[in-house]
Each structure stands twice: as C-alpha cells, then as structure tokens.
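Keep the structure open as you read.

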Amino acid sequence: MGSQPVPVSKFRSGLILSAVIVFSLTVAACNNGRERPKLAYEERPVELLYNTGYERLERKRWRDAIDYFQEVERQHPYSEWARHSILMQIYAYYQNNSYAEAIAASDRFIQLFPGNPSAAYAYYMKAICFFEQITDVGRDQGYAENALAALRDVARRYPGTAYASDAMVKIDMVNDQLAGKEMEIGRYYQRANQPLAAMNRYRTVVENTEFQRTSHAPEALYRLVEVSLVLGLKDEAIRNGAVLGHNFPGSPWYSEAYALLTDQGERPEVEPEARREGWLSRIIPG
C-alpha cells in the first residue's frame, strides 16, 4: 500500500497546514441541503470502504466521504484504518464548515491516540475550527478565547513545527481581536459618561503583556489620557501620555494626547512625530 499526503486547507482561509499521511485512496461533493439517506450497513472490505470515502473526498462530497470513513470505524474499530479514518473525518468536517463535528472528531483522535504523531494535526485543526468561527468585536468572543487557548496548546506541545509557527501568527491575531473587544466596551462606557468603567477596560489593554503588542495599544493609552483628565487625575494623564510618547512617538494618537496635555498647561518631553489628524479623530467611534 502506497501513501500520499492529503492537503488540509481552505483557499478562503489561507491556511498552510502540514499534510496528513494516509493510505492510498481516491473521492466526491457536499449535499445541497436535502435529507440524505443513511449509508446502509453492509460488510465490505476495509480497503473498499476507505478508498470509496477518499474518492468522495477528492470530489468534494464531504458528507458522503464522512459516511464511508465512519463506516470504516464502525466495521473495523481499533484498526490502523480506523485511526486514519478519524483524521479524514476531521478534514471533511472542516471543509464542510461543520466545525463542531470537526472539533469533536479531533478530540476523539486525541483521546484515543494521544502519543501518535498525527495528534499534532488534530490539535491544530481543533484550534483552526475555533479560529475560523471568531466573530466581530461587537459580539461574544467565546470562540476567540477558545481559539487562543487551543492555539497556545499547539505552540506549547509542538514547538519548532509548521503547526506551531502558524499558531503563533494566529495567536497575535486573536489577541488583537480580544484587545479590540476591550476597546469597544471601554468606548461604550466613555460615551455613557462612565469614565471609571472605561478606564478599567483601557487599562486591561495597556497592562496585558499580550495586548501591549496589538494595534490597539496606542489608542488605549490616548483614551487613558482623556478619561484621566475628565476624572481630574492629571498626574495619571501625564504618565500615560509619557508612555504613549515613548513607545509610539509617530502615532497620531500621541499627537492628540500631546495636544490635550498642552491644553492643560503641560509640556510633554517627547515632541510628536506625526501630524494631528484633527478633531474627527477625537470622536469616540459608535
């Protein structure tokens, strides 16, 4: 029996995944929403079941492929064929956008074969399924939090691998998303004239070492200058302005903070490198 790599990625997501090594096979297309008949139970050679599943897979008939791979598991449990069939189900579920099922299949593989080299693939695909379900910052960020935990798990377990490298890139993206959520809530409180509540959210972005590297850090520092002045905490405003100027002297947010502090009679040490964007930039979005 020969073996060949099976690509495990979607063009729309730009994933670059390592190949899963599987037995030789061949495949077919997703259902159109109609009720599909169940695959009738019939004892068949494992090679025939598996290769038929793979033939369906190559033709992008994801649900049909899943049926055949599940049948391999049912008729030949604990076999090497069954182990490979779980991996193929992960792939087919993912391609079918059946993320919950792909995660469940990943967890099943991890539980059954924790020491197998292909467990890295299962851990990675679980993380990717969470990652691809992340919604905009206006909604609950449960998927983002789950993705962050799963991606960190991949990076910790498999350092130096392609999986870990891609996970690290996505960790930065998820942190930017979560920091953006904190900013959105902070702006909401600021618009609602609740400066203390807003300050707590902005501080979360500034004090979290992961969030400090995100695109939201300069605005968070600027907003802290704003709310500190509103609360009469001039020293705090000056301190946050200094941090902003030291770390982001070329940011338009520092130009705005510099102007605010200058209006208060202060003279920050660092001159802004960027031109002010004008009064529009001081409007709180939303």
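Asp64 counts as buried, at 17% relative accessibility, where buried means under 20% relative accessible area, exposed means over 50%, and partly exposed is in between (1.4 Å probe, protein chains only). Its salt-bridge partner is Arg61, with the closest N and O atoms 2.5 Å apart. Arg61 itself is partly exposed, with a relative accessible area of 24%. A salt bridge here is a side-chain nitrogen of Lys or Arg within 4 Å of a carboxyl oxygen of Asp or Glu.

A word on the ground rules: this is a predicted model, in which local features need pLDDT of at least 70 and side-chain atom pairs count only at pLDDT 80 or more, while totals for chains, interfaces and linings use all residues. Residues are numbered from 1 along each chain as its sequence is written, and side-chain values use heavy atoms, with hydrogens and water left out.

Glu73 pairs with Arg108, their closest N and O atoms being 2.7 Å apart. (Helices are DSSP runs of H or I, at least four residues, numbered from the N terminus.) Arg108 is partly exposed, at 27% relative accessible area.

Next up is Arg203 with Glu236, where the closest N and O atoms are 2.6 Å apart. Arg203 is partly exposed at 27% relative accessible area, whereas Glu236 counts as buried at 17%.

Now for helix 9 (residues 217-230) and helix 11 (residues 252-263), which pack at an angle of about 15° with their axes 9 Å apart. The axes are lines fitted to C-alpha atoms over the stretch in contact, and angles run from 0 to 180 degrees between N-to-C directions. The two helices are therefore roughly parallel, a label for angles under 35 degrees.

Who touches whom? On the helix 9 side, the residues include Tyr222, Val225 and Leu229, and they meet a helix 11 set that includes Trp253, Ala257 and Leu260 (contact means heavy atoms within 4.5 Å). Glu219, Arg223 and Glu226 of helix 9 take part in this contact too, and those three are also linked with Arg187 in a network of salt bridges.

Definitions and conventions:
Angles under 35 degrees count as roughly parallel, over 145 as roughly antiparallel, 65 to 115 as roughly perpendicular and the rest as oblique.
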